[in-house]
Amino acid sequence: METKKTMQNILLLGAGRSATSLINYLKSNAEKENWHIKIGDFDIKLAEEKAGNHPNTSFIQFDILNEIQTQDEIAKADLVISMLPARFHPKVATACVDSGKHMVTASYNSQDIEDLSDIAKSKNILILMECGLDPGIDHMTAMEAMDKIHEQGAKLTSFKSYTGGLVAPESDNNPWHYKFSWNPRNVVLAGQGTAQFIRNGKYKYIPYHKLFSRYEKIEVNGLGDFEGYPNRNSLKYRKVYGIEEIPTLIRGTFRKAGFCDAWDVFVQLGVTDDTYKMEALDEMTIRDFFNAFLPYDKVKPIEEKLSDYLGLGMNSETFKKLEWLGIFEDKKVPITEGSPAQVMQAIMEAKMSLEPEDKDMIVMQHQFEYELDGKKYRLDSSIVSKGDDQLETAMSKTVGWPMGIAIKNILNHNINLRGVQIPTKKEIYEPILKELNTMGVQFNENIIEIED
């Protein structure tokens, strides 16, 4: 007779739409694994909705700024999942370390959390960061491929990786070929800072105001032409991946062809700035909003001013994208106070949100070049994953499922690494990728010999 497992308590902090697939995965395993899942969110109705009357779930109203509640709830858990905004992860991680509890999140690691690694090891706990899609599946699949390349005795010379959260072709009905499937704010603020990477042994830096005019054109088999622009600091991943000597390393974001030129208009105008609040927004139309960032001219209409200011043809595909978005319309600005970036987000959400029947799509592609036995090869490894609906989106699944699988393996003692980790070690990535493969998240690989 099989002995029933001891009840283990999982605390999920943050119950937003992005948590749907993770919660469904946890629920589907709860009875077999003997888990109790407590869902906490500042929005008590949302927490209750996500718990959904499942016998192994409960819900609470949770406030991360309430230190007593935070410490008390984390102390009662065996493992904590943080899907709160990234700025709160250090608070959660610190409380987890203090109470000796494991923590998992899909968000980027930070120095504040990395500094907790030694004490986490001393308390025999794992703080697993970057265990979602990007970052997450990108790390795992890249490391799996690179480990295989190195095991052959080959020399890796180039690694490029691009990921995009997009709209599926059957739901693509706008000229931007884009709809929101994740946090719209992150889309509006994407690329701010300076992109850093290395190409053929030369360090390259692209400031924000040039980023969207220096994209790379990339074809994805079966899906057509894409544009890839570099993400933040690719250079730090040389150490993370153990490839410090590699001549080329670029990590970037995918968009469909034509997106970057149109988005560059907004960057050049300055309407993606989130550092200040605008005056008199409650008196503005959308047309007034964009005109506020153009040179003063009491005669020329905004369309002509924009064309002259940016050297943009009024019959161009880029101009048509701007017209479709409604930037020349006399409708009231959707919000009455906020930064330019917040206005942009509101304008875009009105036009680029997923409709009830829409499906999103994740596209990820790794490109490796390596030398083996005097010959040069290129390995293209790609994944295309589509969502089911507005809740079970491809983005939600590919962010949530890796966390769920990791949680199961941590609590079952199949993952025994401790301290602050990201999923680049085989002990972590191997069981996650193996189960993802059975769930339809699998990479297609193609290897070709490169002629000199």
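Mentor: The protein, seen here as a predicted model, contains 17 helices and 16 strands, and 54% of its 452 residues count as buried. In soluble globular proteins, nonpolar side chains tend to be buried together. The largest nonpolar core here has 66 residues, and those that touch the most other members are Leu 26, Ile 81, Met 146, Phe 368, Met 403 and Ile 407. Helix H16, which runs over residues 394–411, gives this core its largest share, 10 residues. Leaving aside residues up to four places away in sequence, Phe 368 touches Ala 142, Ala 145, Met 146, Ile 149, Leu 156, Ser 158, Phe 159, Tyr 377, Arg 378 and Leu 379. Another core lies apart from the largest one and holds 56 residues, including Phe 212, Val 267, Met 284 and Ile 327.

To set this within the whole, an unreviewed UniProt entry annotates residues 132–441 as the domain "Saccharopine dehydrogenase-like C-terminal"; this span is 35% helix and 24% strand, and its end C-alpha atoms lie 13 Å apart. Across the protein, of the contacts with a separation of 6 or more, 70% are between residues 24 or more positions apart. The C-alpha trace spans about 85 × 60 × 40 Å along its principal axes, while the radius of gyration is 23 Å, which agrees with a compact globule because one of 452 residues would have a value near 22 Å. Finally, the accessible surface of the protein comes to about 20,800 Å², with 46% belonging to carbon and sulfur atoms.

Conventions: Residues numbered from 1 in each chain as written. Predicted model: local features only at pLDDT ≥ 70, side-chain atom pairs only at ≥ 80, totals over all residues. Heavy atoms only, no water. Core = buried A, V, L, I, M, F, W, Y, C linked by side-chain atoms within 4.5 Å. Buried < 20%, exposed > 50% of the residue type's maximum accessible area, 1.4 Å probe, protein only. Helix = DSSP H or I, 4+ residues; strand = E, 2+ residues; numbered from the N terminus. Contact = heavy atoms within 4.5 Å. UniProt positions renumbered as here; feature names shortened; annotations may be inferred. Rg over C-alpha atoms; globule rule 2.2 N^0.38 Å. Areas by Shrake-Rupley, 256 points an atom, 1.4 Å probe, with all protein chains shown as cover.
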